[in-house]
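Biologist: Please show me the model, and then I will ask about its chains and how they meet.

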Amino acid sequence: MDLSFVILIEMLYAVATLVLISAGLAVVFGMMKVINLAHGEFMMLGGYATITATSLGVNVFVAMLVIAPLIVGLIGLVVERLVIRHLYGRLVDTMLATWGLSLFFIGAATMIFGNTTTGISTPIPGFAVGAYQINGYNFFIILVAIALVLALLAVLKGSRAGLIARGAMQRSDMAAALGYSPDRIYMATFFCGSALSGLAGAVLAPLVGLVPTSGGAYIAKSFITVIAGGPALIAGLISSATSFGIVSQIFTFAVSPVMGEVALLVAAVILLRLMPQGITSRFFKGKL
Amino acid sequence: MSLNRRNFLGAAAALTASPLLPRAAFAADSIKLGAIHDTSGIFDAYGKPMDQAVRLAVQEINAAGGILGREVEVFAYDTQSDMALYSQYGQQLTRQDRVDVVHGGILSASREAIRQTMRKTKTPYFYNVLYEGGVCDRNIFINGVTPAQQVEALVPYAMGKAAGKKVYILAADYNYGQITARWIQKFVADNGGEVVGTDFFPLDVSDFGSTLAKIQGAAPDLVIAPLVGGAHLSFFRQWAAAGMKGKIPLASTTLGVGNEQKVLTAEEGDGIMVAYNYSQELDTPANTAFKAAWAKAYGSSDNIHETAVSTYQGVKTWAKAVDMAGSLDRDALIAAMESGISIDGPSGKITVDAKTHHAVLDVHLMEFKGQKMQVIETLPQRQPIDTQAVCDLGTNPNDNTQYEIQI
Amino acid sequence: MAETVLETRGLTMRFGGVVASNNVDFKLQSRELRCLIGPNGAGKSTFFKCVSGLLTPSEGHIYMRGQEVTGWQPHQIAALGVGIKTQTPNVMDALTVFENIWLAARRFHDVAEATARTDAMIARLALGPIARTDVGMLAHGERQRVELGLVAVGDPWLVLLDEPAAGMSAEDVARMSEIIHDLTRTAAVVIVEHDMQFIRAIAETVTVFHQGSVLMEDHVDRVMADATLRAVYLGKKG
Amino acid sequence: MHRSAKQETLTTLTVAAGLIWLMPMLIGTYTLTVLVIYGMLGLSLGLIWGFGGILCFGQAAFFGLGAYTYAIAAINIGESTLPMLLAVLVPAGFALLLGAMMFYGRLTDVYLGVITLVVTLILFKFINSTAAPHYKIGSARLGGFNGIPGFQTLNVPGDPDAYIWGDAYFYLCALTLVLVYLLVSWLLRSSFGRVALGIRENETRMSLMGYDVAARKTVLFAIGGGIAGLAGALFANWGEIVTPGLFSLGQSAEIIIWCIVGGLGTRFGPVLGAAGLAYMKFLLGQQSLVDNTLITGLILVLFVLFLPKGLLPALTQLWRASIGRSRFGRKPQNRRMRRSNHG
């Protein structure tokens, strides 16, 4: 009984992690059809921002939830102005350029922070479920992921900005016709996407040892999750994160963490072979 | 930055082979020492201090008049944590620079990438890193601890601290981890214990949530975790975050080699048991002097770690052997090394084992405390029993294998 | 006795809940020229895509020269000797006119024969001066003509054309009509078209689509005079 | 067509002979060897990406597979001829299967990228976790993270003790590259190559013309995989060790960067990009002022932004614009990167 509860929590946590690490990429891809391969490095920078801010005496939650997203969002803004905006509509070129940026950020972080593993400890204590100790921080991550999805829904459905963004998502020329500069919309979207990446990196920082190459561990998984999700932003994100999270956790518990990761990858290949345009191209059509 | 520039100038000077320093005191041609380490890329936390250790040792040797009256010159290359570059620079060192000795290599893969080149070109090769053991090659000298040396000391001590006899092993999934895990299993059994689970993790695994649940399901009395690298560090974090610390004692044969005790907080690290050849906290005159010299050369002695000390000691041992041999001839050097030569280094006495070309050395039992590795007990002059079981260069000098030691 | 080169029976195509093509029976004799007309969304393009293999019909059967080809891939259908041209100019932009047509010819002939046929086709289409120019640099009408060349050079016995006259100048349209008439000497031709001017100029029998079904099928003059059609067509199109 | 082909072959041979004679005087043959091997690897992606429009994020998978196949076969056989052959066939076969899976599933651009990337990751993760002693093929231990050292290196066919190494090995690799280059040139001149170009330009059109696009892409992909595998086997012989790093995404990224920098849609561009950038990396290893990754990244970004066609096409255009115009009065008419020599 205790064990099944623990496994349930681990599954939820796995799904939440996937949602968290993919959200930034999904927003940028869903709205702008840009695949930001520097997404992992944005997360890494979010982690470093948190650690640096904490070491300067800032409260760890403020650092994670406010400072890191803000800083990474601003970095994203600079990136968008300098690089991305010259490449709109050229999917492959943006992928290559952001791949270059990812290498650039790894190099820059190495020069600034060095390759030594750093990190902060988790700010939430563990607790017991029957005979088992559980990492209390897992709950925090699940909560953040839920809040994130709700916030995305609220913004896209409920607000004026969301309406414009959805319009731009469907047809960029329409937003322009309505008098909104697509340039501005893209800029704002990229800022939000980057901030979400920074948030994910910050929130995950206490769980992992951080090095400049940490981003590489996330990019493949988030890339797969977003692409497999398909055109609908939120429905796609949730459906693919759920399927991959559950598949990988089943194999993790039954065999080993490596098999869990391999199972996730194999599931992705099979899924894309069956539904080449992603899950939401077949189900949840026309949803957000 | 100043450090980087020094490295750069050093390399540049080595490349042009015309040091600007006054060299009147030395004979015309210098002795060339090749150094090959990852001073950038993901392994630079290990490689940078090793590179510094080579330079410090050479600096001291030259200050004392060089070897055989000749100056020692360093030819250093940064392999950027890329195994392909080891092959490349290994060739560069032996064929182009024609160095007299090579020190370096960090991962076992990097050692294997250059070992045959060194052997073919008859360039003596010093590998100064703790590793999985078993290399049997007359051309190589190894002064790091091997699993048996560590595990033999660590397991009885750690089991003594545990409430019962059940042990769970979490190891890095590569050669070193696999072999170490087997030695742990052997010594746990020898000490009357039982291994209730063994899990292996590739070096990029960083999420140990399911593992924590699994371990708790098995309810061991002791966890031994030879985990390696930055990603695996998160195990120790997640272990503490789940509140497992204080419930089940934890030991490792690897944590601390890259100064991980300074990355973990005291709350996360305190109480973890380890066994190494070196700790910064060793209170010996040799270590105090070494740390002072390091601090003088590089500003701070904080980044000294075990493999840096091994490298320093490797260079010093080589220098002593060359002096003894009276020439740079490889076979004369090997004869001198095999004569039972030993030095007193920062980590204690290091003796070359003639039979295996490994080292007889002190193993220190330690515990993490306040981001330091406190020495609990020193076990003097432990033999490399694992490699000795398979390798005898005395009777079989042409051996050129890395043995997988059957336990 | 003329052979039936293309026949569909009960051809139905659904997208989710929308029926784009509903139970269409269609027959085409060899060397016949047939125009498919109808308002936007009438289902003629869906019908065209099903027949050319770009879509797999939900129900029904397609036969070409008596052989069932339902569910075949476009390249399998084309390999039978069917020339297909889709709506927008669909050519290889970074290749020259010669290369474009040569590739089509090479599918059915060896290198020497393909080269000879390509040269002949270029002459026939009056593309000589621009034969070595990249197609991407050409004007819209020229590109349409190049694509017609691609279709014709393989000596097809059935040609499927989707809006070949769209966006062309009067002069281009005239030349296009000529080429199409040329084609009917050896092939049956199906044309999906909006341009009534063009249809009047070339068509004999037309099939009118409405809401996914065939509304009527008759000689062009009678169809033009039909009141129902006027209502359907003009009512929708304005 | 025939005359120009012959002429081009002659030019290739002359330039190659000149380079093979000249380069060893400037750079050590050991380093040159690996530059040549990387050149071949670059060419393999240049072929399928530049001429087939298939952006493969996992070219390293075939490279690694070739290297591992060679190492495993060489340990089991103890002679290098058959292992070399297998090192081409196994990756080619693997590419054939993977390609068929993708192209018959009509996967394109981004989705293709995801699948190739994921397959590379799976291979990497698998090979990386084979340290345990039961991962064995014949008498070859897979070795996990540490890789496989100590296999039989290249020998004169039939004589396992006559090793080909050092300078001889460089000349062998260089000659192999020239052969592969000529083979690729021939392939591109053939009808198959021209059809591949057509497919790169417009898949739908080509299938409407009766070409089986999926089959053709699959075959081209397999040829690219085979060449990458050959490069992998040569690399294994050069390094005398194979490690999972060969399968890494970083390796794949480098191959893509080589192609971009050298010039897509050219044959020599990727070769040049590979050799040039690999040599730059080698030189950068001798300093530690600036991080090497940072420079690589910057180069990629700058090229995508300012020189997306790559070096070689840009230089060719410059050449045509200055020399070509004044002497022949012919205006450069190609909108894109490729020139053809039909007729």
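This is a predicted model: local features need pLDDT of at least 70, side-chain atom pairs count only at pLDDT 80 or more; totals for chains, interfaces and linings use all residues.

Modeller: Residues are numbered from 1 along each chain as its sequence is written, while chains are lettered from A and ligands numbered from 1 in the order in which they are written.

Biologist: Which chains share the most contacts?

Modeller: Two residues are in contact if their C-beta atoms, placed from the backbone, lie within 7 Å. Chain A and chain C do not touch, with their nearest C-alpha atoms 10 Å apart, and chain B and chain C do not touch either, with nearest C-alpha atoms 39 Å apart. Of the 4 pairs of chains in contact, the most contacts are shared by chains A and D.

Biologist: Which element gives the largest share of the side of chain D that touches chain A?

Modeller: The contact joins 33 residues of chain D to 34 residues of chain A. Helix H5 (109-128), helix H10 (249-262) and helix H12 (292-306) of chain D each supply at least two residues of that side; helices (H or I, at least four residues) and strands (E, at least two) are DSSP runs, numbered from the N terminus. The largest share, 12 residues, comes from H5(D).

Biologist: How many residues of the side of chain D that touches chain A are nonpolar?

Modeller: Ala, Val, Leu, Ile, Met, Phe, Trp, Tyr, Cys and Pro count as nonpolar, Asp, Glu, Lys and Arg as charged, and the others, Gly among them, as polar. On that side of chain D, 5 residues are polar and 4 are charged, and the nonpolar residues number 24.

Biologist: And how many residues are charged on the side of chain A that touches chain B?

Modeller: Here 33 residues from chain A meet 32 residues from chain B. Elements giving two or more residues to the chain A side include helix H1 (2-32) and helix H5 (137-158), and H1(A) gives the most, with 4 residues. That side divides into 16 nonpolar and 16 polar residues, and the number of charged ones is 1.

Biologist: How many residues of H10(A) are buried?

Modeller: A residue is buried if 20 or more other C-beta atoms lie within 10 Å of its own, exposed if 12 or fewer, and partly exposed in between, with C-beta atoms placed from the backbone. The expected span of a helix is 1.5 Å times one less than its number of residues, so the 22 residues of helix H10 (residues 233-254) of chain A should span 32 Å, and the end C-alpha atoms are 31 Å apart, which agrees. H10(A) is largely enclosed by the rest of the structure, because the buried residues among its 22 number 16.

Biologist: How far does helix H8 of chain A reach from its first C-alpha to its last?

Modeller: H8(A) is mostly covered, with 18 of its 23 residues buried. The helix takes in residues 182-204, and its reach is close to the expected value, at 33 Å.

Biologist: What is the radius of gyration of chain B?

Modeller: Chain B has 13 helices and 16 strands, and 62% of its 407 residues count as buried. The radius of gyration is taken over C-alpha atoms, and the globule rule is 2.2 Å times the number of residues to the power 0.38. A compact globule of 407 residues would come near 22 Å, which agrees with the value for chain B, 21 Å.

Biologist: How far apart do the C-alpha centres of the two domains of chain B lie?

Modeller: Domain bounds come from an automatic or database domain assignment, which gives domain 1 (2-145 + 281-362 + 382-402) and domain 2 (147-276) in chain B. The separation of their C-alpha centres is 30 Å.

Biologist: How many residues does domain 1 of chain B bring to its contact with domain 2 of chain B?

Modeller: Domain 2 of chain B brings 13 residues to this contact, and domain 1 of chain B brings 16.

Biologist: Is C:Thr8 buried or exposed?

Modeller: C:Thr8 lies in strand E1 (residues 4-15) of chain C. Leaving aside neighbours within four places in sequence, its contacts include C:Val24, C:Phe26 and C:Ile62. Because C:Thr8 has 22 C-beta neighbours inside 10 Å, it counts as buried.
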